[in-house]
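This report goes through one protein chain part by part. Please keep the sequence and the 3D view open while reading.

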Amino acid sequence: DTANIIVSSISGPTSEDLTTATFTVTFTTDPASSTTVSFGTSDPSEGAAPGALTFTTAGTQTVTVTGADDLILDFTQPFTISVTVSAGDALYMGFTATPGPGPRLVNVNNLDNESIPVLKKVWGNSGGCGLSGAEILLPLGLIALWRRRRRNT
């Protein structure tokens with residue numbers, strides 16, 4: 001068997017309400033020694049995974065990614081979790097991402113929890129822009145005046 005690491009896709013989005021999502025990391029063979037897989041994030045203000053997991057045998061471990069609340073109305077924000085082997089079995093230390101060397105990346109979306117603010121009432125207590133609704137008649141009145149002028153000319 002060839003030493004390989006399989007990283008699954010994320011189970012879904014995280015959110016600023018600290019909702020979590022998961023992905024799995026699988027070692028296809030037993031490592032020769034205790035091997036550590038580390039996780040990093042491209043944007044800690046949006047979410048993160050635990051610092052590391054340790055593998056002593058072949059198998060699958062679940063990684064939980066937690067969304068972070070940034071207190072900014074920024075809608076859905078993408079970020080990535082990098083997966084790298086940081087210590088242990090030399091065969092696993094050289095693992096590569098597809099399509100090339102480097103960490104494997106797990107793409108995550110963090111859903112916003114801030115609400116779009118409601119505008120204050122601008123004109124009095126009408127709750128709107130201060131117009132009464134009769135403004136729709138203004139174009140009709142202007143057309144009537146224009147026709148009257150044309151007839152009198």
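## The model

This is a predicted model, in which local features need pLDDT of at least 70 and side-chain atom pairs count only at pLDDT 80 or more, while totals for chains, interfaces and linings use all residues. Residues are numbered from 1 along each chain as its sequence is written, and side-chain values use heavy atoms, with hydrogens and water left out.

## The sheet

Helices (H or I, at least four residues) and strands (E, at least two) are DSSP runs, numbered from the N terminus. Two strands pair if DSSP finds at least two bridges between them. Five strands make up an open sheet with mixed pairing, in the order E2-E9-E8-E4-E6. E2 (14–15) and E6 are the edge strands, each pairing on one side only.

E8 and E9 run antiparallel and are joined by seven bridges. Gln-77 stands opposite Asn-110 in E9.

## The nonpolar core

A nonpolar core is a set of buried Ala, Val, Leu, Ile, Met, Phe, Trp, Tyr and Cys residues joined through side-chain atoms within 4.5 Å. Buried means under 20% relative accessible area, exposed over 50%, and partly exposed in between (1.4 Å probe, protein chains only). The largest such core has 20 residues, and Phe-23, Val-25, Phe-39, Val-65 and Ile-81 touch the most other members. At least two core residues come from each of the strands E3 (20–27), E4 (35–41), E6 (52–55), E7 (59–67), E8 (77–87) and E9 (104–111).

Contact means heavy atoms within 4.5 Å. Not counting residues up to four places away in sequence, Val-65 touches residues including Ile-10, Phe-23, Phe-79, Ile-81 and Val-108.

## Glu-46

Glu-46 lies in the loop between E4 and strand E5 (47–48). Glu-46 counts as buried because its relative accessibility is 2%. The C-alpha atoms of Glu-46 and Ala-68 are 4.8 Å apart, although 22 residues separate them along the chain. Beyond four places in sequence, the contacts of Glu-46 include Thr-14, Ala-68, Gln-77 and Asn-110.

## Leu-137

Which loop holds Leu-137? Leu-137 is found between E9 and helix H2 (138–152). Its relative accessibility is 52%, so Leu-137 counts as exposed.

## Met-93

Met-93 belongs to helix H1 (residues 90–93). Met-93 is partly exposed because its relative accessible area is 36%. Not counting residues up to four places away in sequence, Met-93 touches Val-85, Ser-86, Ala-87 and Gly-88.
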